[in-house]
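Student: Could you walk me through this model? I'd like to go from side chain to side chain and ask as we go.

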Amino acid sequence: MGDLTKNFSRKEFRCRCGRKDCDAAPLDMRLVYALQELRDLIGLPLVVTSGCRCRWYNSRLPDASYNSRHLSGIAADIVCADLTPVELRRFAQAVPAFDKGGIGIYDWGIHVDVRGRRARWDYRGR
């Protein structure tokens, strides 16, 4: 049970920097509602591996974009133990907020965001 939606809790989206002075942007609930819609669609648990990030933490990640959507609280990296990244991406495309937002596929899972314009990328094998 989540404290934001049926399946998602605020702590899942918290910046992973661990600093007391973390200045990560607030979580955008459009992202959470879209993830809940995805979770309801597939009927399987999703794990948020990265949600909101502060600039300090983002700068320490090897492949993070300087202008990452995680810095604005509108992006999440997710995995599903029972689906491949390709299958998970296919389901994410059926969620309107993600279909009109960003979906990136990686070897480990997918990135989704609610940027408001369509963006797609494939970074598998990097």
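Student: What is the relative accessible area of Arg124?

Tutor: Arg124 has a relative accessible area of 37%, so it counts as partly exposed; buried means under 20% relative accessible area, exposed means over 50%, and partly exposed is in between, computed with a 1.4 Å probe on protein chains only. Please keep in mind that this is a predicted model, in which local features need pLDDT of at least 70 and side-chain atom pairs count only at pLDDT 80 or more, while totals for chains, interfaces and linings use all residues. Residues are numbered from 1 along each chain as its sequence is written, and side-chain values use heavy atoms, with hydrogens and water left out.

Student: Which side chain does Arg124 meet in a salt bridge?

Tutor: Its partner is Asp122, with an N to O distance of 2.4 Å, where a salt bridge is taken as a side-chain nitrogen of Lys or Arg within 4 Å of a carboxyl oxygen of Asp or Glu. Asp122 is partly exposed, also with a relative accessible area of 37%.

Student: How accessible is Arg120, and what does it touch?

Tutor: Arg120 is partly exposed at 29% relative accessibility, and Asp99 is likewise partly exposed, with a relative accessible area of 28%. If residues up to four places away in sequence are not counted, Arg120 touches Gln93, Phe98, Asp99, Gly101, Gly102 and Ile103, contact here meaning heavy atoms within 4.5 Å. Arg120 and Gly104 are 16 residues apart in sequence, with their C-alpha atoms 5.6 Å apart in space.

Student: How many salt bridges does the structure hold?

Tutor: There are 8 salt bridges in the structure. One of them joins Arg19 and Asp21, whose closest N and O atoms are 3.7 Å apart; Arg19 is partly exposed, with a relative accessible area of 27%, whereas Asp21 is exposed at 54%.

Student: Switching topic, where is Arg39 found, and which side chain of opposite charge is nearest to it?

Tutor: Arg39 is in helix H1 (residues 29-42). Arg39 is buried yet has no salt bridge, and the nearest side chain of opposite charge is that of Asp40, 5.4 Å away; for charge, Lys and Arg count as positive and Asp and Glu as negative, with His and the chain ends not counted. Leaving aside residues up to four places away in sequence, Arg39 touches Asn7, Phe8, Leu44, Pro45 and Leu46.

Student: At what angle do H1 and helix H3 pack?

Tutor: The angle between H1 and H3 (residues 85-92) is about 115°, and their axes are 10 Å apart. That angle makes the two helices roughly perpendicular, a label for 65 to 115 degrees, whereas under 35 counts as roughly parallel, over 145 as roughly antiparallel and the rest as oblique. The axes are lines fitted to C-alpha atoms, for helices over the stretch in contact, and angles run from 0 to 180 degrees between N-to-C directions.

Student: Which residues meet there?

Tutor: From H1 there are Leu38, Leu41 and Ile42, and they meet Leu88, Phe91 and Ala92 of H3. Helix H3 also holds Glu87, which is partly exposed with a relative accessible area of 29%.

Student: What does Asp82 touch?

Tutor: Asp82, which sits in the loop between strand E2 (75-79) and H3, touches Leu44 and Glu87, not counting residues up to four places away in sequence. Asp82 and Leu44 are 38 residues apart in sequence and 7.5 Å apart in space, C-alpha to C-alpha. With a relative accessible area of 55%, Asp82 is exposed.

Student: Last one: is Cys52 buried or exposed?

Tutor: Cys52 counts as buried, at 5% relative accessibility, and its place is the loop between strand E1 (47-50) and helix H2 (55-59). Its contacts beyond four places in sequence include Phe13, Cys15, Ala24 and His70.

Terms used
Helices (H or I, at least four residues) and strands (E, at least two) are DSSP runs, numbered from the N terminus.
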